[in-house]
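Visitor: Could you take me through this model and tell me on what grounds each description rests?
Guide: Let us look at it together and set each description against its definition.

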Amino acid sequence: MESRVLKPILAIYVALFLLFLYGPFIVLGILSFQQGPEGGPQFPIVEWSTFWYQHILGLAPPSRVSPLPIGISLFRSMTLAFMTMVTSTVLGVMAAQAFRKNFRGKTTAFYLIVLGMIVPGVLVGLGSALVATTTGIERHWWSTAFATHVVYTLPFAFLVMLAIFNRFDSTVEEASWSLGVSPSRTFRKVTFPLIFPGVLSAMLFAFTLSYDEFSRTLFSSGREQTLPLAIYSTFSVEIHPNIFAFGVLTTLFSFALLTVYAVLMMLSVRRARRVAIQEAI
Amino acid sequence: MIMAMATSEIVTMQDGSSIVVLDEALLRLEGITKLFAGRSALSDVRFSVTGNEYISLLGPSGSGKTTLLRAIAGFETPDSGRIFFEGADVTRKPAHRRGIGFVFQNFALFPHLSVFDNVAFGLRNRAEPFPEDVVLSRVKETIDLVGLKGLERRGVHQISGGQKQRVALARTLVTKPKLVLLDEPLGALDANLRQRMRTELRRIREALDIPFLHVTGSETEALSMGDRLIVLDAGRIGQYGKPDEVYASPATANVARFLNRYNVFAGTIENDGFTTKYGRFDYGTRTPASERAYAIRYDRLSVTPSGGAAPAKLAASYVASEYLGSAMVHFFETADGKVVEVEHHLSFGPPEAFEPGRSYDLSWNPQDGIAFG
Amino acid sequence: MTLVTSTSAEVDVGAPASNERGSLSAYVLLAPAVIWMTLFLVVPMAMIIYVSFWTQTTFKIEPRLTLDSWQTFFSSDAYLSSLWTTLRIWLIVLVTTFVVGYPTAIYVGLFVRNKTLQTSLLVLCVIPFWTSFLIRVLAWRPMLGKEGAINIILMKAGIITQPIEALLFTDLSVVIGMTQIYVVFMVGPIAFMLGRIDPNILEAARDLGADFWRILRKIIFPLSLPGVVVGAIFVSVMVLGEFATSAALSGRKVNLLGNIIVTQVGSLKWALASVVGVILTAIMALVIAGLLRVVDLKKEL
């Protein structure tokens with residue numbers, strides 16, 4: 001078969017593909033080293049400098065470029081993401097646990113939950129803004145935006161937990177019952193420890209989705225802005241490379257976090273494997 | 001402690017009728033029916049367990065034996081019927097309140113706990129947990145009983161299959177249940193280990209003196225382990241009795257088949273004989289049953305050269321033999337392809353050699369024949 | 001030792017159908033999620049439909065039902081053209097993400113057999129998402145502009161002499177931007193389905209003499225179809241709801257339905273925004289229903 005020829009061709013294609021995906025990131029990475037404070041967010045690079053990084057960290061000498069309005073909005077984004085993560089994971093785990101049984105209306109409930117990830121942000125945002133306006137409820141990041149964030153992230157947490165429970169062997173729960181342990185205690189002491197890695201992924205998923213969420217939040221957060229909104233508001237004003245420096249920093253931060261997570265996972269897997277190999281006969 | 005009530009001993013049949021039960025039974029099942037996707041897994045199952053015995057529940061796959069066990073434990077709710085345990089109706093009682101132990105085929109050990117914590121789990125987490133010193137002593141006692149001493153600190157992935165089985169057993173026994181259910185507990189073990197564990201299980205049961213209800217698909221296991229044997233046939237009880245009784249006098253053709261010791265032929269029955277397509281034979285026992293059949297045990301057949309005279313015989317050609325250690329099983333095939341097995345116990349003498357493809361007469365004493373119908 | 005069994009003439013019909021007790025606890029567990037979705041998703045969506053029929057005064061809306069806003073939409077060339085633009089861009093991006101993403105999915109799903117390598121490649125595809133969506137969108141301008149990175153590279157390489165103007169502020173720029181952002185949602189599901197193909201099947205086909213293109217058409221593609229459908233649903237939903245990318249990359253020239261909603265809400269024209277919202281919802285529902293017809297997902301997954 002031509003796979004001998006095909007595989008390297010496809011490999012090159014995938015390399016180009018990745019280049020395509022990373023294009024903007026590479027560009028903004030390069031531009032973040034633009035000369036400041038006069039340098040603009042376009043080529044050519046007038047002079048290489050780390051000015052904009054210093055600017056972000058507040059270490060640059062004062063200039064006519066105002067600092068990015070990140071401070072408090074960063075805090076809001078993190079808090080909102082945290083609240084969303086906790087709420088949607090709890091609701092998602094409960095719903096997935098319910099789905100282990102059969103009951104009437106199961107399919108409807110399934111579609112209702114999954115609907116939250118299908119409907120685009122513009123629509124949900126518009127709808128919640130309408131509800132808020134007509135009922136006179138004030139829009140805040142911690143109330144109306146929070147509600148729509150959970151609507152968005154709950155289906156993801158739910159689906160992750162469904163997949164986890166699908167592969168879960170329930171005989172350990174039955175064993176626990178047969179020993180006289182109540183179902184609720186069984187959940188706490190047996191089920192939950194075993195599904196915990198799944199819960200962790202659901203939480204990670206939910207946090208990430210909420211943190212960068214923009215289109216829903218645009219309509220529902222009222223006057224105090226979350227981070228994406230703050231960035232969006234700078235669109236209409238002049239853009240400076242400091243936004244690129246910020247992008248690079250946050251990406252590196254996410255990268256660092258995930259590397260730590262992956263290393264921890266690998267260590268625990270390796271430890272478990274070492275333990276399992278010492279099988280005595 | 002045996003709670004015995006003297007009444008007639010009657011075996012439940014598929015179309016039989018019998019006598020009133022008494023509430024001193026430890027476990028009693030009445031009319032248990034369970035449907036799965038339209039198919040009935042259990043149909044009108046009824047039996048009782050009164051004493052402390054080792055009871056084997058035998059049946060081929062699909063006979064409903066695991067379903068029955070799970071219904072008794074409370075993991076499944078029957079569609080109709082009732083279950084009485086220690087005199088009380090537990091049909092609607094959730095599993096964790098029944099006080100019935102269960103040993104799973106896949107052991108179902110808690111992977112995130114050590115051997116010791118697995119065994120201690122039930123005592124520590126029940127509604128009224130035991131104080132830790134009681135837990136420690138009971139767990140230690142049970143671990144010694146099942147032979148796991150020294151392995152307490154190990155994780156469940158660090159022990160062998162046989163050891164996992166003992167952990168599963170210890171975990172249940174430490175809670176001192178009044179009845180232990182075992183779902184093919186030896187199925188996941190290799191043959192050698194299985195042999196040893198059979199003796200172990202009986203020894204442990206005797207030490208604790210509580211009834212064990214052990215589900216298996218292996219007739220040798222069922223026959224060798226049970227003080228009593230229940231044979232399950234397509235969701236109904238085929239026979240319930242002592243192993244030697246079941247072995248010598250199967251109640252139905254299917255029971256005879258499951259025992260894997262009988263050649264079974266279809267046909268019609270009359271008062272003076274049973275007619276099959278291989279001939280008409282006398283019989284020594286007539287057992288009323290809904291399916292008409294003629295059964296003759298493997299080890300009651302003799303192989304003679306073709307053409308001789310015998311009170312009951314049929315013609316078949318030789319296919320092959322299997323050496324089983326203390327016996328040889330010879331496989332013969334009739335003209336229309338039915339396989340007939342002849343078992344020759346080697347204590348009766350060395351085995352004969354037969355010519356493959358050649359026709360022989362398989363003969364027997366008609367008194368050994370059982371006619372159902 | 002006795003064994004006794006009984007047959008009473010009337011058999012007690014004991015326990016009712018198994019799941020009575022189970023269902024109740026299931027409903028209790030499910031209730032919070034269902035209530036949340038109903039309150040914060042279903043009600044707002046219903047609101048959109050309802051408000052589309054309200055009367056619009058300058059800055060307020062009143063519950064007096066009317067078809068005014070609907071007429072405004074359908075009688076305006078600008079709005080109608082944005083409807084076609086949305087559909088056009090959606091279709092183009094759907095096709096481009098498929099064409100661009102499929103070969104990658106084949107490589108990752110079929111040719112890379114090592115599970116860790118597979119996961120790493122997929123993670124590599126996801127990393128760009130860790131940079132905030134908006135910042136990435138911003139980065140396109142210095143890429144596609146007249147003095148942008150692409151033009152500079154192409155000119156330095158001698159491929160062109162004049163900078164390509166059409167790269168920014170056109171339909172093309174929007175398509176490029178959206179493809180880049182959403183192609184991963186195509187690659188993922190397709191690679192997943194391809195990874196589930198038993199390699200023995202492919203080998204058997206090869207042994208029977210089929211060449212690669214035949215295998216692709218007759219085996220690989222049909223088996224990957226559920227993934228394609230899932231990917232298509234993801235991409236469609238996201239593209240149809242888009243407004244930020246088109247705003248940033250086309251300089252307001254490409255007006256999608258999403259953009260209209262945003263601008264109308266900005267001027268507090270709720271009724272008209274709702275009309276557009278209903279139309280958008282209808283389009284999406286049709287697209288999803290149509291895609292789900294291609295493959296019976298429940299069976300395949």
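Visitor: How many helices and how many strands are there in chain A?
Guide: Chain A has 11 helices and zero strands, where helices are DSSP runs of H or I with at least four residues and strands are E runs of at least two, numbered from the N terminus. The model is predicted, so that local features need pLDDT of at least 70 and side-chain atom pairs pLDDT 80 or more, while totals for chains, interfaces and linings use all residues. Residues are numbered from 1 along each chain as its sequence is written, and chains are lettered from A and ligands numbered from 1 in the order in which they are written.

Visitor: Which domains does chain A have?
Guide: An automatic or database assignment sets the bounds, giving domain 1 (1-65 + 240-281) and domain 2 (71-238), whose C-alpha centres lie 27 Å apart.

Visitor: What makes residues of chain A and chain C count as in contact, and how many do?
Guide: Their C-beta atoms, placed from the backbone, must lie within 7 Å, and 69 residues of chain A are in contact with 63 residues of chain C. H1(A) gives the most to this side of chain A, with 17 residues.

How values were computed
Contact = placed C-beta atoms within 7 Å.
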